[in-house]
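Please examine the sequence and the structure shown below. The paragraphs that follow lead through selected parts of the structure in turn.

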Amino acid sequence: MRSPSRTVILIVWHNLSTHPQGVFMANLEKLLHELTKLVESLKLTIGDSHAIKQEIIRLNFIQEKLRNLKSAIAEELAVAKINSSVGSAAAGSTENSLLSSDSCFVAPLLTTGEKFIAEKFGTGANKLSFNDLEAKISRWLEWGELLQTISEDILSNAQFINQLSSNINYPSLSSQFQKLEAKLQIDLAYGKSRVLQQQHQQIVNSQEELLQLQQKSTEVFENIKNTQNILLILLNLSAFCGNSGLELEWFDDEYGFIISSGGNCQALADIIYECELFQEKIHNLIVDTKILLEQAEIALNNLPKHPTIAGLRQLIADNKTQKFFALGVSVLVLGFSTWTATNYIMHIQQEQKLKQEKTSVSNLKSAQKLGMEAAVLVQKTPLPLKDWQQAQDKWQQAVKLLESSPQGTSVSSKVQTQLATYRGNYTTISKRVNLEKNAASKLETADKLAQEAAFIIKNAPKEAVIMTQAKEKLQEAINLLKAIPAGTFVSPQVQEKLATYQQKYQEIKGE
């Protein structure tokens, strides 16, 4: 989600000196100039007990300022009514609108990224009356009171505050995931025993941490989804956000609670949706880690077994006579030569197996990526034909990649499972492509027939025999449109044109 830029409320007063209550208006002007910062800071920053206590003090200060402003506006309304009763047109208009050509309270200038807190400032109209502003301030005061109540509830629960303090001292779950993802970007050092062993251990450790992260994130996200208690929501969000920071910004009538963390401002519902995507990312990384671990174990098992120097020395020491020693050396040399040739063959075979393993894993990952892209493309229907064709191409590419994957690798079983699924998806989407093609073709043909009929109707005499052809063309166009299945991309056009063609046919028939 987008980070909100600093919101600006512009207050422009040009003719304050002419106001009958100039001294009072000067004070009101000062309060209005402070309104921007007051409302922007009307949020609760989640922290330890000391930070929460400071928040309560800060919120009390803001509330007092808002009350002063509300009282000042109420007094201005009273003055405006008095002036209106003695015929002051200028003051009378002040009650209706705080904005005029010379004095104005301009609503916040928000970017698209700030849509969730727009209601907090009231940006719906170009002009804001004193009465509207007074109502807004009442809403802000209620929000401030709720934030104070939440703060006091947090402080009253020692166990809650301890857990909260612990959560905000750890990295966010997304930061932990990114760190693990980076650690698992490993190119296996095939043929290098010591490095391979270190990499294997790193993968094992990372896999354990990843499973712990999955368990933690599942617990946090389930707790957020399954409760309406704002304290429990904040507690679990603090575990998710960690030391990235967490602020309760606002409660929007449409979007609900608005939360900000790490410079991002989001509705709680959007956070829950992103949590689900986060869970999927963790699951995919766990699968990739398992494959990488299997590759590392295969590489370790295929390392060549070299004869050691200690073994050769022991063999020489065991010879009792020079003759036997010479014979032993000859046998040893012959044996070593045989071992060298055998080891070379094993090395070639190992390289071939590792190459197949890399190819199979690479093809699987590429196919999964294409499958995900295709699935995302067709999530929202109806879709234009070109989008269906694009998804079809992606499924086809994914199937070809899996079909070309070598057999007998650590991912062969997964490749076959995915291949069966992707073939089914490709078949299904190919049928949909043909359906959309036929629908578009029938619509195009119907349009041409209707145009030909319209030309005849416009240019031929009503009693001419050729008018029969016009009716036949319209009837054929109608039949084509009726044959187009509902739910296709062109369905809305079909229904609209069908009604038009039927009406026109009835007109010709009546004549």
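**A guided reading of the model**

Not counting residues up to four places away in sequence, S360 touches S405, P406, T409, V411 and V415, where contact means heavy atoms within 4.5 Å. S360 itself belongs to helix 12 (residues 322-377); helices (H or I, at least four residues) and strands (E, at least two) are DSSP runs, numbered from the N terminus. S360 counts as buried because its relative accessibility is 0%; buried means under 20% relative accessible area, exposed over 50%, and partly exposed in between (1.4 Å probe, protein chains only).

The model is predicted: local features need pLDDT of at least 70, side-chain atom pairs count only at pLDDT 80 or more, and totals for chains, interfaces and linings use all residues. Residues are numbered from 1 along each chain as its sequence is written, and side-chain values use heavy atoms, with hydrogens and water left out.

Four strands form an open sheet in the order 2-4-5-6, with antiparallel pairing; two strands pair if DSSP finds at least two bridges between them. Strand 2 (44-45) and strand 6 stand at the edges with a single partner strand each, so one side of each is left without a neighbour in the sheet. Two bridges connect strand 2 to strand 4 (residues 247-252) in the antiparallel sense, and T45 stands opposite E247 of strand 4.

E247 also has a bridge partner in strand 5, namely S260. Strand 4 and strand 5 run antiparallel and are joined by five bridges, forming a hairpin with three residues between them. Strand 5 is largely enclosed by the rest of the structure, because six of its six residues are buried.

From strand 5 (residues 256-261) the sheet continues to strand 6 (residues 264-267), an antiparallel pair held by four bridges. Within this pair, S261 has N264 as its bridge partner, and I258 stands opposite A267. These two strands form a hairpin with two residues between them, and G262 in the turn has a positive phi of about 60°. Helix 10 lies across strand 5 and strand 6, running at about 100° to strand 6; axes are lines fitted to C-alpha atoms, for helices over the stretch in contact, and angles run from 0 to 180 degrees between N-to-C directions.

Which residues touch the most other members of the largest nonpolar core? They are L66, I154, L210 and L248, in a core of 66 residues; a nonpolar core is a set of buried Ala, Val, Leu, Ile, Met, Phe, Trp, Tyr and Cys residues joined through side-chain atoms within 4.5 Å. Helix 10 (residues 268-301) supplies the largest share of this core, eleven residues. Another core, of 22 residues, lies apart from it and includes L480, L481, L498 and Y505.

L210 is also one of the buried residues of helix 8, as are L196, L213 and F221. The cover over the buried residues of this helix includes helix 7 (173-183), helix 9 (230-241) and helix 10.

The structure holds zero disulfides, a disulfide being a pair of cysteine sulfur atoms within 2.5 Å. The sulfur of C241 is 8.6 Å from the closest cysteine sulfur, in C275, which is too far for a bond. C241 counts as buried at 8% relative accessibility, and C265 is buried with a relative accessible area of 2%.
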